[in-house]
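Work through each task before consulting the solution.

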Amino acid sequence: MSASLSYQDVAGHNTKDSLYMVIHDKVYDVTKFVDEHPGGEEVLLDVGGQDATEAFEDVGHSDEAREMLEPLLVGALDRQPGDPLPGKSSSSSYAAANADASSIGVGMYAFVFIGGLLSFFAYQYTQKQAIAV
Ligand code: HEM
């Protein structure tokens, strides 16, 4: 129970036959749990052999789900310098995705605003024309 595993040890267990994952620097053997997971086996296989802290927290798992982790515990993760940090790569890609989305949003506002200005001036112009006639 008090075993200490390296990230490489965990990374080796990334198949349905033997599936480990790291959540909050603890290593869990989820092999037997895969078929029972209410969220489906696919998501667990996706993060198999990796740090799943962010994926696990993103879902907002219940306290019950957290209790289910206890019997699956294998040991603590012995994190070495250079090992992936929880969610580091995916959080930066989330940030990038968000930046993309918001720049599209800004573009949309600019488009609508400029469209509005154009129609305002077009209206003014036609009004002046109408008066001039
Ligand atoms: C060993 C770790 C895990 C356990 C014990 C666990 C357990 C559970 C439980 C009990 C639920 C039902 C809802 C709840 O009580 O919160 C659930 C739902 C869910 N889980 Fe997990 N989970 C684990 C890991 C993960 C991971 C790593 C992911 C994502 C990569 C994930 C994705 C989901 C999703 C998407 C649902 C929602 C299903 C739905 O509402 O239709 N789970 N999980």
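The model is predicted.

**Exercise 1.** State in which order the five strands form the open sheet, and which strands stand at the edges.

*Solution.* 
Step 1. Strands of a sheet pair through backbone hydrogen bonds, either parallel or antiparallel.
Step 2. The order of the five strands is S1-S5-S4-S3-S2, and their pairing is mixed.
Step 3. The edge positions belong to strand S1 (3-6) and strand S2 (14-15). Each has a single partner strand, so one side of each is left without a neighbour in the sheet.

**Exercise 2.** Determine how many bridges join S1 to strand S5, and which residue is the bridge partner of Leu-5.

*Solution.* 
Step 1. Strand S5 comprises residues 73-78, and four bridges join S1 to S5.
Step 2. These two strands run parallel.
Step 3. The bridge partner of Leu-5 is Leu-77, in S5.

**Exercise 3.** Examine His-24 and Asp-25: where are they found, what is the phi of each, and is each exposed or partly exposed?

*Solution.* 
Step 1. His-24 lies in the loop between strand S3 (18-23) and strand S4 (26-29). Asp-25 is also placed in the loop between S3 and S4.
Step 2. Most residues other than glycine have a negative phi. His-24, however, has a positive phi, near 50°, and the phi of Asp-25 is positive as well, near 60°.
Step 3. Asp-25 has 12 C-beta neighbours inside 10 Å, so Asp-25 is exposed.

Methods
Residues are numbered from 1 along each chain as its sequence is written. This is a predicted model: local features need pLDDT of at least 70, side-chain atom pairs count only at pLDDT 80 or more; totals for chains, interfaces and linings use all residues. A residue is buried if 20 or more other C-beta atoms lie within 10 Å of its own, exposed if 12 or fewer, and partly exposed in between; C-beta atoms are placed from the backbone. Two strands pair if DSSP finds at least two bridges between them.
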